[in-house]
Amino acid sequence: MQGRILGYIRTNSQPFNPSMTAPITLSARNLCRRYGQRDIVQNVSLELKQGEVLGLLGHNGAGKSTTLQMLTGVLAPHAGEIDICGFNLRLQPDQAKACIGYLPETPPLYREMRVDDFLTFAAKIHRVPQDRVAASLIEVKESCGLQECGNKIIGTLSKGFQQRVGIAQAIIHHPQVIILDEPTVGLDPTQIRDIRALIRKLGDSHSVILSTHLLSEVENICDRVEIMQKGRLIYGDSSVRMQQYGHQPGFVVTLLAPPPLGELESIVGVERVEALSDTRFRIMHTLNASTSAVLLALAAERGWQAQQLTPIAGNIEDVFTRITENEPV
Amino acid sequence: MIVTIIRKEFRSLFSAPSTWLILGALQFIFAWFFLARLDAYLQIQTQLAQVANAPGVTLSVAAPLFGTLALILMMLIPLFTMRLLAEERRNQTLALLLAAPISSKQIVLGKFLSLLLFISLIIASCTVMLSVLGWGTNLDFGLLVTNALGLCLLAASYIALGLYLSALTKQPIVAAMSAIALSFSLWLIDVGSADNANLLRTLSPSAHAQSLNSGLILSADLIYFVVFVTTFLLLTIRRVNNNRHYS
């Protein structure tokens with residue numbers, strides 16, 4: 001559990017896969033949206049299961065925010081249908097919207113209101129029953145770390161706390177689907193860590209979609225990734241698999257008494273050896289080859305004095321660049 | 001749901017110091033006009049006593065005061081309506097309402113009613129001030145009530161107009177300027193027309209408030225106000241809905 005809350009630990013362990021039987025909370029089919037003659041979003045289809053965190057990734061202007069606005073009913077799509085928890089957003093907007101919590105890019109805060117008043121207002125317009133409002137308020141303030149700020153005026157809070165109020169507003173009515181548009185923009189590293197932990201925690205019981213252009217965010221908290229470019233979804237997979245996209249396995253090894261390069265190259269599975277210094281070598285090998293084990297055995301046998309072996313982790317930035325540049329649009 | 005929005009708008013209204021300042025200043029202005037009218041009435045009272053069927057104190061003090069209030073409201077209401085939707089749009093808080101399970105109709109009606117309630121408070125305070133005269137003389141309460149009703153209807157139409165203009169723009173100040181300009185020109189049509197039968201004059205809300213000002217409740221006037229307010233409210237709802245389509 002702890003590992004799931006702290007995302008960065010989790011990605012190194014087994015990926016969290018929502019079971020195949022988890023109910024689908026959000027499904028969007030063939031969404032299209034135009035601004036004038038320009039197609040901003042074309043044929044986007046998304047599905048989200050309960051307990052899943054989906055990262056929507058893309059450059060600026062890729063259509064992420066527009067897509068999220070359509071999913072929340074703020075913007076009407078020119079074509080396509082959206083179902084939220086079984087309710088059609090166009091035909092039964094009230095029921096469907098009651099299942100959504102939405103944090104837009106700019107948190108929608110009334111700056112002159114007090115935090116408590118604002119959150120109570122948010123709870124009421126999201127149809128939290130009157131007798132549950134007070135309890136929800138306490139609960140949400142606790143999970144967003146706002147206990148101390150209840151009486152403060154929103155305009156006087158720092159950016160990080162305003163962002164928290166924004167998130168609190170989105171989750172106060174316990175929605176099935178939480179949609180967050182760039183939730184960690186403009187926060188300091190501690191706040192980013194806290195908010196990511198919070199999102200991860202929310203992702204255990206709710207479905208979360210978050211848009212971002214911070215790749216580390218995807219790496220840390222998302223189960224699944226969809227990459228958007230020029231209004232289309234061009235890639236979708238689990239975030240763990242994405243990191244392995246087109247990535248060649250390899251490692252960096254330190255040998256205090258190295259053999260000639262040729263000897264290293266002749267080890268089974270090795271494709272390329274690069275000397276980083278006199279004692280450090282970067283070795284790339286083919287998939288599924290146990291090159292590192294063979295090399296360590298040889299090192300012990302021939303006295304190369306192996307000291308440190310670091311696998312090269314898939315760099316998500318590289319992967320992202322590769323995907324967005326490869327894709328013909 | 002509408003009640004929630006009304007409450008929130010009311011809270012926002014009273015959390016701004018400027019609201020209290022305006023309320024205070026208005027009370028001062030009313031009191032000033034009231035005393036001035038009363039003074040004038042006392043001076044001509046002896047002459048009036050000789051006239052058969054002379055106008056009473058309600059007609060000569062209260063009615064003009066309400067007329068002045070109508071003018072003040074015309075200038076004042078746009079300053080309140082301007083922030084209702086334009087500011088929400090500028091601060092991007094409209095997304096909160098649009099993403100919540102409330103319809104555009106509820107959003108618009110909530111905002112309209114909250115401001116109407118607030119303006120009614122101003123009108124009520126003025127009415128209470130005038131009814132103080134009841135201690136010294138016989139007041140025509142019927143005339144007082146029709147006047148207050150007329151002002152409420154007039155205020156409702158100015159609010160509906162201002163709300164629509166506020167829905168059209170992102171800049172509150174543009175909304176205020178255009179609302180003042182429009183209601184001022186409607187008023188000018190009224191005062192500028194040569195005779196009462198002028199067709200253009202029937203467009204002006206202040207022209208229709210005049211019969212109420214003299215204590216006359218005409219169904220034509222009531223229908224006019226209902227049509228005027230509904231039209232602009234429907235246009236506003238449409239505009240907020242279109243926000244989902246075109247913005």
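This is a predicted model: local features need pLDDT of at least 70, side-chain atom pairs count only at pLDDT 80 or more; totals for chains, interfaces and linings use all residues.

Colleague: Thanks. And helix 3 of chain A itself: how many of its residues are buried?

Modeller: 9 of the 9, so helix 3 of chain A is largely enclosed by the rest of the structure. Buried residues have 20 or more other C-beta atoms within 10 Å of their own, exposed ones 12 or fewer, and partly exposed ones fall in between, with C-beta atoms placed from the backbone. The buried set of helix 3 of chain A includes A:Lys64 at one end, A:Leu68 and A:Met70, and A:Thr72.

Colleague: Which residues other than glycine have a positive phi?

Modeller: A:Asn43 has a phi near 50°, and A:Cys85 is also near 50°. Most residues other than glycine have a negative phi.

Colleague: Where are they found?

Modeller: A:Asn43 is in strand 2 (residues 38–49) of chain A. A:Cys85 is in the loop between strand 4 (79–84) and strand 5 (87–88) of chain A. With 14 C-beta neighbours inside 10 Å, A:Asn43 counts as partly exposed, and A:Cys85 counts as partly exposed with 19.

Colleague: On to the sheet in chain A. What is the strand order?

Modeller: The order is 6-7-8-3-9-10 in an open sheet of 6 strands, and the pairing is mixed. Two strands pair if DSSP finds at least two bridges between them.

Colleague: Which strands stand at the edges?

Modeller: Strand 6 and strand 10 (232–238) of chain A do, each with a single partner strand, so one side of each is left without a neighbour in the sheet. From one strand to the next, the twist averages 15°. Angles here run from 0 to 180 degrees between N-to-C directions, and axes are lines fitted to C-alpha atoms, for helices over the stretch in contact.

Colleague: How do strand 9 and strand 10 of chain A pair?

Modeller: Strand 9 (residues 224–229) and strand 10 of chain A pair in the antiparallel sense over 6 bridges. In one of the bridges, A:Val225 has A:Asp237 of strand 10 as its partner.

Colleague: And what packs on that sheet?

Modeller: Helix 3 (residues 64–72) of chain A does, touching strand 3 (53–58), strand 6, strand 7 (177–181), strand 8 (207–212) and strand 9 of chain A. Its direction makes about 150° with that of strand 7 of chain A. Helix 8 (residues 189–205) of chain A packs on the sheet too, touching strand 3, strand 7 and strand 8 of chain A, and makes about 145° with strand 8 of chain A.

Colleague: Let's switch to chain B. What is it built from?

Modeller: Chain B has 9 helices and 0 strands, while chain A has 13 helices and 14 strands.

Colleague: How do helix 7 and helix 8 of chain B cross?

Modeller: The axes of helix 7 (residues 172–192) and helix 8 (residues 205–213) of chain B come within 7 Å and cross at roughly 55°. The two helices are therefore oblique to each other; angles under 35 degrees count as roughly parallel, over 145 as roughly antiparallel, 65 to 115 as roughly perpendicular and the rest as oblique. B:Leu186, B:Trp187 and B:Asp190 of helix 7 and B:Pro205, B:Ser206 and B:Ala207 of helix 8 of chain B make the contact. Contact is called if two C-beta atoms, placed from the backbone, lie within 7 Å.

Colleague: Last one: how many residues does each chain give to the contact between A and B?

Modeller: Chain A gives 23 residues and chain B gives 18. On the chain A side, helix 5 (115–125) of chain A is one of the elements that give two or more residues, and helix 5 of chain A gives the most, with 4 residues. That side divides into 13 nonpolar, 4 polar and 6 charged residues. Ala, Val, Leu, Ile, Met, Phe, Trp, Tyr, Cys and Pro count as nonpolar, Asp, Glu, Lys and Arg as charged, and the others, Gly among them, as polar.

Definitions and conventions
Residues are numbered from 1 along each chain as its sequence is written. Chains are lettered from A and ligands numbered from 1 in the order in which they are written.
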